[in-house]
Structure formats: structure tokens, C-alpha cells
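Colleague: Before we discuss the aromatic residues and the core, could you show me the model?

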Amino acid sequence: QVQLQESGPGLVKPSQTLSLTCTVSGNSITTDYYYWSWIRQPPGKGLEWLGYVAYTGSTSYLPSLKSRTSISRDTSKNHFTLQLSSVTPEDTAVYYCASLVGELGLSFGSWGQGTQVTVSS
């Protein structure tokens, strides 16, 4: 069973870079047709997909946040990382990592429990 666990600071100051890591167990992040994603949910709003790093190492991002978002991976540690630069209070949210799985179409698999990140001075 694939398990994901987010880690990182819960408080980030405005204009700084938010950095979160998702550690995966039960599966290698290089397994075919797995796409390792970051999603967030601001208070009182719905889920927002931010991007993924694929089993190949390629990446895809939400266009509106692409200029501020970077997702990378470390295959030796079997984890992947989100960096969101120049944060504002609007980036306050619960951040989740999750797997997307599929060859012809993608569907969500396992999710982490989520981690609260607050942007405040």
C-alpha cells in the first residue's frame, strides 16, 4: 500500500519560498505511470491542483502558478518536493501530496494527511 507523508514548516513569511517534502513508502516514485502531485485547499475554498512530477521526471504545473512553482524529486530518498516562491497570505492553505495513476487516463490514488501552511509575518 502506497503511503505519503508531507513535511515542512507550518509558518512562512510573505515574499519567502514555501518548501514542502512528500516522502513516499510502499512504492518507488519511478514506478511506471505514477505522477506525484501537490494539491492545496485554502480556507473556505475547494481543492486546487498545483502540479506533478512524473515517474519519468517530467513536470507539469497549474498555468496560473507556473512562474512561482517548482516540483522536484530525489529518487535516492524516494521523495518529492514542492517549492512555491514569493508567497502571500493568499497561499495559506492545507497542502496535500497525492499520487495520480494511469496510462491512458489519470485518477487519484493515495493521499497524504495534509499539512497546514500559514503565510504571515
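Modeller: Buried means under 20% relative accessible area, exposed over 50% and partly exposed in between, with a 1.4 Å probe and protein chains only. This is a predicted model, in which local features need pLDDT of at least 70, side-chain atom pairs count only at pLDDT 80 or more, and totals for chains, interfaces and linings use all residues. Residues are numbered from 1 along each chain as its sequence is written, and side-chain values use heavy atoms, leaving out hydrogens and water.

Colleague: Is Tyr 33 buried, partly exposed or exposed?

Modeller: The class follows from the relative accessible area, with the cut-offs just stated. For Tyr 33 this area is 31%, so the residue is partly exposed.

Colleague: How are the rings of Tyr 33 and Tyr 55 arranged?

Modeller: Rings of Phe, Tyr and Trp (its six-membered ring) pair if their centres lie within 6.5 Å, and planes under 30 degrees apart count as stacked, over 60 as edge-to-face and the rest as tilted. Tyr 33 lies in the loop between E3 and E4 and Tyr 55 in the loop between E5 and strand E6 (59-61), 22 residues apart; strands (E, at least two residues) are DSSP runs numbered from the N terminus. Their centres are 5.6 Å apart and their planes at 65 degrees, so the pair is edge-to-face.

Colleague: And how are the rings of Tyr 34 and Trp 36 arranged?

Modeller: Tyr 34 and Trp 36 are both buried. With ring centres 5.4 Å apart and planes at 20 degrees, the pair is stacked.

Colleague: Does His 79 count as buried or exposed?

Modeller: His 79 lies in strand E8. Its relative accessibility is 15%, so His 79 counts as buried.

Terms used. Helices (H or I, at least four residues) and strands (E, at least two) are DSSP runs, numbered from the N terminus.
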